[in-house]
Number of protein chains: 4
Amino acid sequence: MYEKVIRDNVHGDIYFHEPIFMEIMNTPEMQRLRRVSQLAGASLAYPGATHTRFAHSIGTYHILNLFFEAQDFQKISKAEKRLTYLAGLMHDIGHGPFSHTFEKINPRNHEEYSIDIIKNPKGNISKILKKYKINPDDVAAIIDGKYPNKVLNLLVSSQLDADRLDYLMRDSYGAGVDYALLDAKWIVRHAKIMDDKIVFPLKTLNAIESYLLGRHHMYQQVYNHPSSIAFDSLFTLWFKRFLELANNNYSFKNLAIVDYFDDRIKDQPLSLKKYLQLDDPLMMSFFANGAQESDQIFSDLSKRLLNRGLFKVVKSTPHLKSKISNQLAQKGYDLRYYFDEYIPKRSTVYQNDFSGKKDETIWFDEGGQIKPLSTLSVFTNSINLVTTNNNEKNLLFPKELV
Amino acid sequence: MYEKVIRDNVHGDIYFHEPIFMEIMNTPEMQRLRRVSQLAGASLAYPGATHTRFAHSIGTYHILNLFFEAQDFQKISKAEKRLTYLAGLMHDIGHGPFSHTFEKINPRNHEEYSIDIIKNPKGNISKILKKYKINPDDVAAIIDGKYPNKVLNLLVSSQLDADRLDYLMRDSYGAGVDYALLDAKWIVRHAKIMDDKIVFPLKTLNAIESYLLGRHHMYQQVYNHPSSIAFDSLFTLWFKRFLELANNNYSFKNLAIVDYFDDRIKDQPLSLKKYLQLDDPLMMSFFANGAQESDQIFSDLSKRLLNRGLFKVVKSTPHLKSKISNQLAQKGYDLRYYFDEYIPKRSTVYQNDFSGKKDETIWFDEGGQIKPLSTLSVFTNSINLVTTNNNEKNLLFPKELV
Amino acid sequence: MYEKVIRDNVHGDIYFHEPIFMEIMNTPEMQRLRRVSQLAGASLAYPGATHTRFAHSIGTYHILNLFFEAQDFQKISKAEKRLTYLAGLMHDIGHGPFSHTFEKINPRNHEEYSIDIIKNPKGNISKILKKYKINPDDVAAIIDGKYPNKVLNLLVSSQLDADRLDYLMRDSYGAGVDYALLDAKWIVRHAKIMDDKIVFPLKTLNAIESYLLGRHHMYQQVYNHPSSIAFDSLFTLWFKRFLELANNNYSFKNLAIVDYFDDRIKDQPLSLKKYLQLDDPLMMSFFANGAQESDQIFSDLSKRLLNRGLFKVVKSTPHLKSKISNQLAQKGYDLRYYFDEYIPKRSTVYQNDFSGKKDETIWFDEGGQIKPLSTLSVFTNSINLVTTNNNEKNLLFPKELV
Amino acid sequence: MYEKVIRDNVHGDIYFHEPIFMEIMNTPEMQRLRRVSQLAGASLAYPGATHTRFAHSIGTYHILNLFFEAQDFQKISKAEKRLTYLAGLMHDIGHGPFSHTFEKINPRNHEEYSIDIIKNPKGNISKILKKYKINPDDVAAIIDGKYPNKVLNLLVSSQLDADRLDYLMRDSYGAGVDYALLDAKWIVRHAKIMDDKIVFPLKTLNAIESYLLGRHHMYQQVYNHPSSIAFDSLFTLWFKRFLELANNNYSFKNLAIVDYFDDRIKDQPLSLKKYLQLDDPLMMSFFANGAQESDQIFSDLSKRLLNRGLFKVVKSTPHLKSKISNQLAQKGYDLRYYFDEYIPKRSTVYQNDFSGKKDETIWFDEGGQIKPLSTLSVFTNSINLVTTNNNEKNLLFPKELV
């Protein structure tokens, strides 16, 4: 029997039992994810959090494997399991440099690129899939949430999917915090399928409550950490300056950057070809080169990105906003590049009211009846409150000012 | 009281009680270590092993902290403790891209650059040190093993120093293997000082034996993993081709690489200034750019470095060596760039006979008498044997050949 | 310097720096705690949860040690620290067999016995304390919450005291569940003292929320596990039968049990002398002997206690209650001993309204202002709700009935 | 599909897929193992090491489960797997109080009792087995190493069997030491069957070397810990005094002890019936009762067993032996009960020369050839040396003497 094993620091040994998975992993498209950090600026606060989208992709595959050990999921056909594994492995193949950070400067999200990459007839992925008689559209459909067997879609994207279970554990492990060292095995191993839904037995309720609070805490401690926010802000300001210069025919010493971002200069989303060439190290080299540019603002912002010259983050108040902007102006800072207002990532924690949004109810099986989490767990309501109130803005500005 | 804390995924919270340490860490020189991976090619086998020299530097500081909790070490003066902490934090500040891998293409080792960086009167480090009335030479002396209080030197570099204890634990944790999840606290907390030596009580003997076997296994499983060997080899061949092209006036599309490696083209070690600009991402950008070059060999080796196109590694025999080189030649491969012989890193495991080498005896206190490990632990002899016999060569060549 | 170390499986090495602590630990009074299980019936569900009050006592000492590393707590005098350590080590010295289970059959709680044991002028504890010029009343006062320096009382008994932090971690570790693998170090290390209160900085809020939810889950999964409830119920019924027999001059083959429980037969709380002779193994030997008695009910209940013949636990409804009691009666079961109604332990989770109860507010420092948890964390309200509603009864009866 | 799960603190969730296993576990014979501690006196040094033979039995079942996931083992028939699981669950069913300690006072080892208990036609085990059409002799044969399919015997008893892998991990976890936190999954998951042998691939060599050194260290640190040795010695001396008194018609206040040990008074091994009534708590109650006896020696030794009044352990030399025995005699100690000489448990670490003993070679598969460990690992020779030299005696005597 074919068997390959990869030792993962989060889940231990991960086994692969079909050669197609290794072939997919060995494509340049997937290997690029080794050069895309999972957490971007958060690693500037948590020095151990340097893990990549590549490791996360393998981990997602592993959680799917655990799901398929649950009784109801063993019944899924081998072909559909294979499709799900492929979707899990490749759901993040379209992430750009610094993962979500990049979505701030390019008007096309990573899921769209993921689907493009998988379907691209000239790419390596679709060639391998076709060799194994697999329709790339089927894999893409699962990522897109449109595959006919809805359970497969839910396994890859829902409130309690393989993606989230892996990234929460992995980010927790990488950061060295224990908020999300979940009992994923317990939850997943007991999942059921009822009415095309993934449904959990009551004995997993406590573990799922822990998972939800853990996710809430991960947003507060890691994903919305000031270093993470400040890096995203700085990156956005840097790119704004880059576009400004490029549009004004500034002569860059390093022309490569202009070439790579040609689409963006023309206000277009990056083409798939250009996008696939980008990764964290290339952006880092742009920062290193940018530091040598004569434009003082671009050079300074480049250095800051390279060497953790992050802006200070404080809660915004009207008074503070006007006070700081005045001080900055007085000291000669260009407010367009040295002052930012930022709303943290919504934690998208579990909500009891999904009206007007994608329904992401977590379902439970109570003696054969399917019930939503909200009827069983009082505590989740309050997290909901916390979240929806948490749209306060942050102000960002150079630390030197303080 | 001043207090800063960094959450590390290996050791937990690491506390800093003097502002000088944070100032040092915030210099571009130290921040560069965030962009230097600890394990280079090993992360191509162990996807979680993406930790950096920066995290390792903080971890080394932490192990020193544990040493200073042992009774005998509490007596060391505050000033000398500070010097030791600084040496621990900066002992790897001179590492180049991909850490040890870079030493294969530049004839100056990282310790020499570390000392240069610390002493450099124009650099940020010496400025900060002087601000706090610290002589950079003293810090450099500890790294160089020449500080008058020998115990400080031993804390930073010896068989059981803060450096090794951190990197073994960290590499083990990153790779997800348990060979070197050491009981470092137990060992370090009970260390003593006798006759200018660091001496361990008998109750640490078993933990130290575990440490030695763990280190031996880390060499076998991680440091000398085929992926690690193959990456080092590929990088060396790639650079050989680069020099060949540069010396023959090949016209590179991306001229930056020629500029950065000007010293090497002239067969000189890299100047400190150029060296300090190099890091993993810049090298990665050279691979990405190199992939676009018209020279087929350089382009192919660049792509291989970028996307894990590693050579196969097999044990060398005269027969195999001639057989494979013939096959390669027949298929038109240039043997200078597609065939390599490689002796794995010596594991430098504990030896009982240090004649003719730096004495690295591990000393024990048996009832007041100082005794070497060799008189107390029989099993270390055999590891010694294993190691000294392990100078066999590996052959490396494209997998496609097989 | 005096130093003893004990290796604990939960916290690692625990250091003792004064001989008095080892002397206290070596008394028969403290050694008895090695024979008192922490979790009684819960170990019948979680086979690894066999840890003892002795290990918990040492762990409590250890958490106090962590508190005393926080800056504000370093200022407490050496003498008061010693008193607190002693109170921590001995706060559970008065626990009877099977810990809290025993309080169901004896009308005096363990805290009262703890204080008696410490103050007892003929006991070993007070002799040792006096040898070291320590007033036993001071140690007892801390346990009783009446020591003048209120902070010491709070360290040993409050919402976030050394006792709870240890037992939640230890019970979680023993049961193999991860609900309460707390970041106790982070919480404790940053505790402050303001206005005679223990106050926590905002950066510990998330960890404290995790702690509260973790405690809630421990009640649901471990402390109120059906096996735990069923063991407590069975033990109470067994003892009821014992008293019934003893009061009716039943002739026990093993007279020891009558002698030990003479006070209870007279409806008095156990005298200190008798109480101190009791421990889990002695009770187990009573079960073993009881199994040989001719009284069928006492014999059967004894066997059940010995060999996990637990009753079934179901939620009580009026209908079910009458149905089951009828069935039992029909089959000839004596309802007094084979039918029980049981309200689970209140989880005493954090409450926002302490009116009419001991105030156990958790206080936070928000920029110098002391604020209660309820103003900072919305989610704790809902746990409060869950808890106060959770006074539902359980029915217990022989499984054979089902 | 039938499924029961037990949460174990060492291995996590352990699944059972046939009702027979739960029925076996619920017999009084198996439940008795909840009252038999795994490590006896070692828990007096490591307070967390209170785990039982019951947990170990479940853990052994779990390791067998891991073996059966390896490809070669999947081929074993369902019936033979069931037999092996049963043998794993019950291999220690015959352990007496304090496990191996009891074998010092009863001339019949636990394996013999295990086989008796399984075969006993009146016992609960054989009844259940027969209900499921299983021949108790087959289960007993595996434990006895005589089942025709030798691989089953090896799974339950050999150098790398399910029993040892579980107890090393469990004892390590309980004691809180990391010597034997083995990579058991890695080793077991890759095991093969060749020529009726269990054979390991080379990629497990390092993990197996770690296992062997870990076992060696567990003997040094835990199994032969002075507290462990002193408890065994004290127990033996106590029982010697008991026999002396019983044979001299001493009138015990508590006659039960005489009844239980009637066979031993007659110099016979304990009958199965009596043996099955014994467990740790009953022995503890004998110590508690013994403390009340008028015979001063028996009373004192009983108290010592109850409250950790252990003897001191020192290495024996002829000089020391005569010196201490003289001192003891002078002070009026009865040397027969207050002076002991003790050879620690042989660590039975791997040996390369099994001549004259049960062959316990660990076999490896090197490219299809079966080779013994000794030809592949140099370091194991030295452990062998250490072991065979380690037959030095210890002297034990009251601490008060020193």
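Predicted model: local features only at pLDDT ≥ 70, side-chain atom pairs only at ≥ 80, totals over all residues.

Student: How many residues of chain B are in contact with chain A?

Tutor: 33 residues of chain B, in contact with 33 residues of chain A.

Student: Which elements give two or more residues to the side of chain B that touches chain A?

Tutor: Strand 1 (4-8), helix 2 (28-31), helix 3 (53-67), helix 10 (162-175) and helix 17 of chain B. Helix 17 of chain B has the largest share, 6 residues. By class, this side of chain B has 15 nonpolar, 13 polar and 5 charged residues.

Student: How many residues are in contact between chain D and chain C?

Tutor: 33 residues of chain D are in contact with 33 residues of chain C. At least two residues each come from strand 1 (4-8), helix 2 (28-31), helix 3 (53-67), helix 10 (162-175) and helix 17 (280-290) of chain D. Helix 17 of chain D gives the most, 6 residues. The classes on this side of chain D are 15 nonpolar, 13 polar and 5 charged.

Student: Back to chain B. Is B:Phe286 buried or exposed?

Tutor: Count C-beta neighbours. The cut-off for buried is 20 or more within 10 Å. B:Phe286 has 26 inside 10 Å, so B:Phe286 counts as buried. Its place is in helix 17 (residues 280-290) of chain B.

Student: How many residues apart in sequence are B:Phe286 and B:Ser172?

Tutor: They are 114 residues apart in sequence. In space, their C-alpha atoms are 30 Å apart.

Student: Next, helix packing. How do I describe it?

Tutor: Two packed helices are described by the angle between their axes and the distance between the axes. Take helix 6 (residues 110-119) and helix 8 (residues 136-143) of chain A: they pack at an angle of about 170°, with axes 9 Å apart. An angle over 145 degrees counts as roughly antiparallel. Helix 6 and helix 8 of chain A are therefore roughly antiparallel to each other.

Student: Which residues of helix 6 of chain A meet helix 8 of chain A?

Tutor: A:Glu111, A:Ser114, A:Ile115, A:Ile118 and A:Lys119. From helix 8 of chain A, the residues are A:Pro136, A:Asp137, A:Val139, A:Ala140 and A:Ile143. By class, this contact has 6 nonpolar, 1 polar and 3 charged residues.

Student: Now sheets. In what order do the 4 strands of the open sheet in chain B run?

Tutor: First the general idea. In a regular strand the side chains alternate between the two faces of the sheet. Here the order is 3-4-7-8, and the pairing is mixed. Strand 3 and strand 8 (369-372) of chain B are the edge strands, each pairing on one side only. The twist averages 50° from one strand to the next.

Student: In which sense do strand 4 and strand 7 of chain B pair, parallel or antiparallel?

Tutor: Parallel, over 3 bridges; strand 7 covers residues 363-366. B:Val199 has B:Trp363, in strand 7 of chain B, as its bridge partner.

Student: What do strand 1 and strand 2 of chain C form?

Tutor: A hairpin, with 3 residues between the strands. Strand 1 (residues 4-8) and strand 2 (residues 12-16) of chain C pair in the antiparallel sense over 5 bridges. C:Val5 stands opposite C:Tyr15 in strand 2 of chain C.

Student: Last topic, backbone angles. What should I look for?

Tutor: Most residues other than glycine have a negative phi, and most peptide bonds are trans. B:Asp195 has a positive phi of about 50° and is not a glycine. B:Asp267 also has a positive phi, near 60°.

Student: Where does B:Asp195 lie?

Tutor: In the loop between strand 3 (192-194) and strand 4 (197-201) of chain B. B:Asp267 lies in the loop between helix 15 (262-265) and helix 16 (272-277) of chain B.

Student: Does B:Asp195 count as buried or exposed?

Tutor: Exposed, because B:Asp195 has 8 C-beta neighbours inside 10 Å. B:Asp267 has 9 such neighbours inside 10 Å, so B:Asp267 counts as exposed.

Notes. Residues numbered from 1 in each chain as written. Chains lettered and ligands numbered in written order. Axes fitted to C-alpha atoms, helices over the stretch in contact; angles between N-to-C directions. Parallel < 35°, antiparallel > 145°, perpendicular 65-115°, else oblique. Contact = placed C-beta atoms within 7 Å. Nonpolar A, V, L, I, M, F, W, Y, C, P; charged D, E, K, R; others polar. Buried ≥ 20, exposed ≤ 12 C-beta atoms within 10 Å, placed from the backbone. Pairing = 2+ DSSP bridges.
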